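Here is a friendly briefing to read alongside the model. Keep the viewer open and follow the topics one by one.

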Amino acid sequence: MCSWCSEIYHCKDKSDDKIYSGTLTMRTEMSSSSPVIVLPDDETFGEYHPKEDMDGSMEPRTFDLVDCIVFIGMLGVSAVVGVYQAYRSRKNPDAVREYLVGSQNMSIFPISMSLIASYISGISMLGLPAEMYVYGTQLWTIIIADCFVSLTMTIVYLPVFYGLQITSSYEYLELRFNRMVRLMGSIIFIIKMLLYIPLVIYVPALAFNQVTGINLHMIALLVSIVCIFYTTLGGLKAVVWTDTIQMMVMFGSVITVAVLGTNKVGGVSEVWRRNVETGRIEFFNMDPDPTIRHTFWTVVVGNYLNWLATCSVNQAMVQRCLAMPNLKKSNITIMIMAVGIVTIVSLCCYTGIVIFAAFYECDPVTTKQIRKPDQLLPYFVMEIARSIPGLPGLFVSGVFSAALSTMSTGLNSMSGVIYEDIIKPCLRKPISNVGASRIMKVIVVLMGIICVGLVFLVEKLSSLIQAGKSLSGITAGPLLGIFTLGMFFPFANSAGALTGGIISLNLVAWISFGTQAAISSGKITFPVKPVSVDGCVETLKDTARNLTNIVEDTIREQPFFLYRMSYLWYTWVGFLTAIFIGIIVSWITGPNKYKVGDIKLYTPIIHGFLRSKISRETNKMELSRRRAERKNLHHSSGY
């Protein structure tokens with residue numbers, strides 16, 4: 001592969017000692033370490049020394065000692081926090097509650113930071129900039145949906161969990177329906193984590209591979225070992241406090257890259273101008289077609305339900321909210337989370353348009369300087385890091401922090417769900433809290449090993465954002481549908497919840513996997529925003545044109561309609577299917593009978609309806625009783 005650019009040269013011909021100046025094209029041949037000068041008359045002059053660039057060197061930036069110290073320092077701090085929390089909680093009498101919900105006495109700040117960190121995985125840090133670069137800014141409107149999700153969570157779902165004082169959100173399903181529905185909910189959650197965590201591990205490995213060249217799978221193993229170590233030792237408190245530290249690193253790395261990138265391009269106005277010229281700035285595409293990948297409706301309405309499922313009924317999020325001492329503080333935490341998410345998502349999206357502005361005239365993906373758009377951000381960091389010691393280390397630490405926080409959250413919540421919902425009910429004799437804590441730690445290790453093994457499958461998936469949302473949509477819709485069925489429909493029974501959950505899960509899984517297969521085989525492609533190779537030479541322009549023709553020639557037939565549906569609608573399909581099937585089956589098999597003592601099982605939104613219903617039934621019973629008394633009195637007087 002050759003890399004090309006235009007330079008102002010000052011070189012000396014060895015034969016006549018004359019100085020030559022002018023504009024030339026520089027070509028670096030794979031067989032030679034020194035660039036060769038190509039002049040219009042094809043004369044070649046000895047060695048070329050290009051003009052200084054940033055730090056005075058044209059050598060590619062590598063991961064140096066300072067970067068290693070920054071990166072290892074972040075991993076070391078995470079491990080130390082795990083050891084410290086394990087030491088502090090070693091004498092706690094209620095080891096299970098300490099491990100899962102931090103004894104419900106944690107403060108607002110670390111829980112808020114942990115919630116934000118759990119949302120901003122490495123998928124977001126690398127995937128969002130790539131989305132802005134390739135497809136434009138329509139996905140940026142995702143922040144609108146995130147704001148409404150926080151309100152819905154505090155009003156509709158969280159008060160139910162707090163009122164019941166439970167440690168597993170799936171415990172609700174047993175209280176409302178029966179044990180089989182609870183088991184189904186737990187299994188769906190475990191499937192979700194096993195699909196999602198390998199993707200989360202793959203992301204930092206991809207970034208680290210880009211900046212160091214170290215084997216991707218070796219890096220994945222390293223991050224997993226560190227995460228499993230501190231999650232196993234310290235439980236929720238270790239996870240939350242490491243999340244807090246990692247959140248600071250994430251913010252610092254993204255802000256640094258955004259500021260330096262903007263400065264390199266020439267300011268915010270220049271960044272915006274270049275993106276407007278190529279049609280990347282797009283926020284209000286109001287086309288109602290559900291097969292269009294991103295429109296205002298798919299992003300705001302479609303993603304609303306996906307994120308609602310992730311926040312409101314997902315054990316990983318509910319577990320943190322329940323670690324707060326009361327509902328009021330939990331609601332404050334969620335509001336802070338909303339502000340934090342809007343901020344970090346906006347920073348990641350802005351970084352994406354900065355990257356495009358920087359590569360405005362020579363796209364690194366088309367010219368094969370990187371393999372996938374998901375590597376754009378690491379590649380960009382190495383380009384601007386020539387004169388800044390430690391910046392690659394800070395960036396990689398930020399991406400690893402995002403991955404560690406999400407993985408540790410998943411492992412900790414999975415251990416709680418597997419123990420509380422699957423293992424504990426099967427135990428013939430109760431075991432001590434210490435024994436239970438040890439079982440959960442073993443579960444963390446086993447689940448971590450399985451997730452590492454599944455990383456090998458992730459490389460076959462499409463873009464990070466689409467792959468993450470598609471896989472989460474398989475379980476998000478059915479789970480949210482089951483919980484909503486239980487909280488909003490008093491007549492829904494366990495048969496309806498079980499049937500609706502199973503059918504919706506299989507339906508969305510079929511759509512999601514079918515779509516991923518169609519994308520991988522090239523049957524489905526998505527329109528991308530234009531990129532330029534005008535700053536490159538004709539050879540690379542011809543290569544880009546050939547690649548475009550190949551892609552166009554492979555598009556032969558339209559795949560099945562549901563495979564073409566935007567991935568952001570998957571959660572809605574699962575959600576509505578679960579509720580619709582659940583209502584029909586409940587009606588056929590005999591509706592559930594509401595009891596006055598069950599009011600805590602339903603969302604506060606319908607409490608007024610339930611009370612009026614009870615009041616009407618009470619009045620009806622009282623009226624019937626009085627009529628019976630009058631009738632008896634009439635018969636007695638007539639006799």
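Searching the whole of this predicted model turns up 15 aromatic pairs, where rings of Phe, Tyr and Trp (its six-membered ring) pair if their centres lie within 6.5 Å, and planes under 30 degrees apart count as stacked, over 60 as edge-to-face and the rest as tilted. Being a prediction, the model is read with limits: local features need pLDDT of at least 70, side-chain atom pairs count only at pLDDT 80 or more, and totals for chains, interfaces and linings use all residues. Residues are numbered from 1 along each chain as its sequence is written, and side-chain values use heavy atoms, with hydrogens and water left out.

**Aromatic pairs**

- The rings of Y170 and F189 form a tilted pair, because their centres are 5.6 Å apart and their planes meet at 40 degrees.
- This pair links distant parts of the chain, 19 residues apart: Y170 sits in the loop between α5 (142-164) and α6 (171-176), and F189 in helix α7. Helices here are DSSP runs of H or I with at least four residues, strands are runs of E with at least two, and both are numbered from the N terminus.
- Y170 is buried, at a relative accessible area of 0%, and F189 is buried with a value of 0%. Buried means under 20% relative accessible area, exposed over 50%, and partly exposed in between (1.4 Å probe, protein chains only).
- Y172 and F483 make a stacked pair, with 5.8 Å from centre to centre and 20 degrees between the planes.
- That pair also links distant parts of the chain, with Y172 in helix α6 and F483 in helix α16 (residues 464-488), 311 residues apart.
- Y172 counts as buried at 0% relative accessibility, and F483 is buried with a relative accessible area of 0%.
- Ring pairs join F161, Y170, Y172, F189 and F483 into a cluster.

**Nonpolar core**

- The largest nonpolar core has 154 residues, and those with the most contacts inside it are F161, Y172, I201, I344, V345, L411 and F483. Such a core is a set of buried Ala, Val, Leu, Ile, Met, Phe, Trp, Tyr and Cys residues joined through side-chain atoms within 4.5 Å.
- Helix α7 (residues 179-212) supplies the largest share of this core, 16 residues.

- Helix α14 (residues 391-423) has 33 residues, and its end C-alpha atoms are 46 Å apart, which agrees with the 48 Å it should span at 1.5 Å a residue. The expected span is 1.5 Å times one less than the number of residues.
- Most of α14 is covered, with 30 of its 33 residues buried.
- Helix α17 (residues 494-520) has 27 residues and reaches 39 Å from its first C-alpha to its last, close to the 39 Å expected.
- Just after α17, G522 takes a positive phi of about 85 degrees.

- G500 belongs to helix α17 and is buried, with a relative accessible area of 0%.
- Leaving out residues up to four places away in sequence, G500 touches A578, I581 and G582; contact means heavy atoms within 4.5 Å.
- The C-alpha atoms of G500 and I583 are separated by 8.4 Å, although these residues are 83 apart along the chain.
- K529 lies in the loop between α17 and α18 (538-554).
- A polar atom of the K529 side chain is 3.1 Å from the backbone oxygen of G279.

**Cysteines**

- The model has 0 disulfides, a disulfide being a pair of cysteine sulfur atoms within 2.5 Å.
- C348 has its closest cysteine sulfur in C349, 6.9 Å away, which is too far for a bond.
- C348 is buried at 2% relative accessible area, whereas C426 is exposed at 59%.

**Whole chain**

- The protein chain has 21 helices and 3 strands, and 54% of its 639 residues count as buried.
- Among contacts between residues at least 6 apart in sequence, 83% join residues at least 24 apart.

Key: A polar contact is a pair of N or O atoms within 3.5 Å; within protein, one must be able to donate a hydrogen and the other to accept it, and residues adjacent in sequence count only if both atoms are side-chain atoms.
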